[in-house]
There are 2 protein chains.
Amino acid sequence: MALYGRVALIGLGLIAGSMALAMRRGGLAGHIAGTARTDATRTEALRLGLCDTVHATATEAVAGADLVVLAVPIGAMEGLAAEIAPHLAPGATVTDVGSVKGAVIDAVAPHLPQGVHFIPGHPIAGTEQSGPGAGFAELFDNRWCILTPPEGTDPAAATRLRTLWEGMGARVDEMDAAHHDLVLAVTSHAPHLIAYTMVGVADDLRRVTDSEVIKYSAAGFRDFTRIAASDPTMWRDVFLTNRAATLEILGRFTEELFALQRAIRTGDGEMLHAYFTRTRAIRRGIVEAGQDTDAPDFGRAKTRG
Amino acid sequence: MALYGRVALIGLGLIAGSMALAMRRGGLAGHIAGTARTDATRTEALRLGLCDTVHATATEAVAGADLVVLAVPIGAMEGLAAEIAPHLAPGATVTDVGSVKGAVIDAVAPHLPQGVHFIPGHPIAGTEQSGPGAGFAELFDNRWCILTPPEGTDPAAATRLRTLWEGMGARVDEMDAAHHDLVLAVTSHAPHLIAYTMVGVADDLRRVTDSEVIKYSAAGFRDFTRIAASDPTMWRDVFLTNRAATLEILGRFTEELFALQRAIRTGDGEMLHAYFTRTRAIRRGIVEAGQDTDAPDFGRAKTRG
Ligand SMILES: NC(=O)c1ccc[n+]([C@@H]2O[C@H](COP(=O)([O-])OP(=O)(O)OC[C@H]3O[C@@H](n4cnc5c(N)ncnc54)[C@H](OP(=O)(O)O)[C@@H]3O)[C@@H](O)[C@H]2O)c1
Ligand SMILES: NC(=O)c1ccc[n+]([C@@H]2O[C@H](COP(=O)([O-])OP(=O)(O)OC[C@H]3O[C@@H](n4cnc5c(N)ncnc54)[C@H](OP(=O)(O)O)[C@@H]3O)[C@@H](O)[C@H]2O)c1
């Protein structure tokens, strides 16, 4: 028997699409209902076989669902929570996949009725692409999914959601929302802002023509452009809602950058060499933890494994 | 007939090893002689079939060579130039592959005798790995190699070197050394320093344990760690020798980062969205120019194409 009889996916982009395919792979959902903002996305999701039924409104999608997943940009979550609240089945679980947790909890929790379990989540997996066609069943395999259940969460509901993520290939961690938001500011939000900034600087420099920046991108810049090709709406919402932690990490980053700039200016080769040696160890840890391969990346022909 | 009768590779790491394999693939060199600092590297290069002969000293390696390639960290080039100068064959071409051009020219050119052609070069291709075993024949395929021939360079010698790079799969551009150093500060040197800095910040944060940074690296940070795993000696030398251009670009970067931080602080979502939309276009250009694929990268199982 399926883990959830009826799952409602609100939003049908990269994350929801991948969840749909991973749930099918694992036989985890009896029926997958979905909805998105535009008709184009809904039609595409049906054509791709992501959903059994698509619905014009979130209200219709959630009717009778025992699991509701908010998989939209963070800024859209409050409105949707308010809209679906009166239509949620008693005992249903509501979760989300937003990249920030504190702000999502503040926006969503107040709208949900008694008797509905709200268990926020965030799969640490993604690509720079978006839309229903970007999803694939393996996205979560061997990746972490962080759940931030508020105090007093029903243990059975939490275990069931954890089992779902494990069934989709992920490993599950629990922590409080504030800690999540700080960790992600380090591993994701600050790096994204930095990549956007560096690509913006390159775009601005008139002495270095666009075509040169593109031709010679293989030298390191290329990775920044990939990160900086991520969805503008999603990332605007992330920065606006994880403001404090992101600004704190960026402050630390600037401080450190100034120290390295000073070492360059004064010709302190020893400091630079020691610094660059230290940062290598983290890379080794990531490869050992299975979060990347140590195959050299030179930007061409990649396959999914 | 081979383009060069005898090529001497000084240094036998990633770049020289890839050149050796690419020259063999194209039948471009009659004999490949090599030398490196340590016995271990020399033995390994012979075992891998990179060289026909290896030599304990650069002096022996360059004897009778019509092409000499300096493929060592930038800081080692001046000493080697002084050492080999008296032993260079008349009419030989000396080139290098250093990532900075102005400082290499200042360090090497004064030592070379009349009648030897000095044509500096820089292949815009690499990975984060180093050593003789890291080389592969396809590294330069469809990548750019920049030559910075000083005024008055013998046109026949320049054409011959250009033909070599094209035979190794590369496309060749010419520009002056100062412009090269500015362009590369944008596409490579500043991005590397930024990646090193961000990884250093993550490593420093005691509230976010190492293991969390590693577990959740898939969220963007992972690409920074790959860049920041590059060879410390090579990169120390790059920053010390392309100081002015790197600091100029980092100054622009900081200015821009402050503007984005201010937008986050004041909640200016429109500014952020417009900025993130603009940076997407550069990515499209890079994919269209064949310098990367648009396959989503999620850090696992990659193959060379
Ligand atoms: N991408 C990642 O790397 C990643 C990783 C982990 C978590 N997340 C989080 O996952 C969530 C979704 O991201 P994604 O990458 O899947 O985005 P996506 O591919 O851009 O898809 C977003 C979906 O939300 C729908 N949508 C937007 N506004 C809506 C509204 N007001 N009402 C109903 N549907 C609406 C869109 O519909 P239309 O297509 O019709 O506009 C689309 O189907 C975000 O909160 C993000 O923070 C993303
Ligand atoms: N890696 C890249 O992405 C890249 C891209 C374009 C250009 N470059 C440039 O290419 C050059 C070489 O880089 P690489 O990546 O090939 O480095 P690598 O893999 O670390 O190899 C460097 C080689 O230089 C040798 N060497 C070091 N000091 C020496 C000395 N004093 N005398 C003789 N040999 C010495 C080393 O010998 P041992 O092994 O015996 O120490 C080693 O064989 C650098 O100038 C770099 O700026 C690198």
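Start by selecting N142(A): its relative accessibility is 31%, so N142(A) counts as partly exposed. Keep in mind throughout that you are looking at a predicted model.

**Stop 1: the two N142 residues**

N142(A) sits in the loop that runs between strand 7 and strand 8 (144–147) of chain A. Check its backbone while you are there: phi is near 65 degrees, a positive value in a residue other than glycine. That deserves a second look, because most residues other than glycine have a negative phi.

Now hop over to N142(B). You'll find N142(B) in the loop between strand 7 and strand 8 (144–147) of chain B. Here too phi is near 65 degrees, positive although the residue is not a glycine. Is N142(B) buried, exposed or partly exposed? With a relative accessible area of 33%, N142(B) is partly exposed, because that class lies between under 20% for buried and over 50% for exposed.

**Stop 2: ligand 1 in chain A**

- V72(A): a polar backbone atom lies 2.6 Å from an oxygen atom of the ligand.
- L12(A): a backbone N or O atom is 2.8 Å from a ligand oxygen.
- G131(A): a polar backbone atom is 2.8 Å from an oxygen atom of the ligand.

How much of ligand 1 does the protein bury? On its own, ligand 1 exposes 910 Å², and the protein buries 86% of that.

**Stop 3: ligand 2 in chain B**

- R37(B): an N or O atom in the side chain is 2.7 Å from an oxygen atom of ligand 2.
- L12(B): a backbone N or O atom lies 2.8 Å from a ligand oxygen.
- L14(B): a backbone N or O atom lies 2.9 Å from an oxygen atom of the ligand.

Taken alone, ligand 2 exposes 900 Å², of which the protein buries 86%.

**Stop 4**

A36(B) counts as buried because its relative accessibility is 12%. Leaving out neighbours within four places in sequence, A36(B) is in contact with L12(B), T41(B) and R42(B). Draw a C-alpha line from A36(B) to L12(B): it spans 5.7 Å, though the two are 24 residues apart along the chain.

Now click on H122(B), which lies in strand 7 of chain B. Its relative accessible area is 6%, so H122(B) is buried. Its contacts beyond four places in sequence include D96(B), S99(B), K101(B), W144(B) and H180(B).

**Stop 4: the helices of chain A**

Go back to chain A and select I249(A) in helix 11 (residues 243–266). I249(A) counts as buried because its relative accessibility is 0%. What does I249(A) touch, apart from residues up to four places away in sequence? The list is L182(A), A185(A), V186(A), A190(A), M198(B) and L205(B). V186(A) is 63 residues from I249(A) in sequence, but 6.5 Å away from C-alpha to C-alpha.

Then move to M271(A), in helix 12 (residues 269–288). M271(A) counts as partly exposed because its relative accessibility is 27%. Beyond four places in sequence, M271(A) touches A259(A), L260(A) and A263(A).

**Last stop: the annotated span**

Finally, select residues 5–294 of chain A, which an unreviewed UniProt entry annotates as "domain: Prephenate/arogenate dehydrogenase". This span is 52% helix and 12% strand, and its end C-alpha atoms lie 41 Å apart.

How values were computed
Residues numbered from 1 in each chain as written. Chains lettered and ligands numbered in written order. Predicted model: local features only at pLDDT ≥ 70, side-chain atom pairs only at ≥ 80, totals over all residues. Heavy atoms only, no water. Polar contact = N/O pair within 3.5 Å; in protein donor to acceptor, adjacent residues only side chain to side chain. Areas by Shrake-Rupley, 256 points an atom, 1.4 Å probe, with all protein chains shown as cover. Buried < 20%, exposed > 50% of the residue type's maximum accessible area, 1.4 Å probe, protein only. Contact = heavy atoms within 4.5 Å. UniProt positions renumbered as here; feature names shortened; annotations may be inferred. Helix = DSSP H or I, 4+ residues; strand = E, 2+ residues; numbered from the N terminus.
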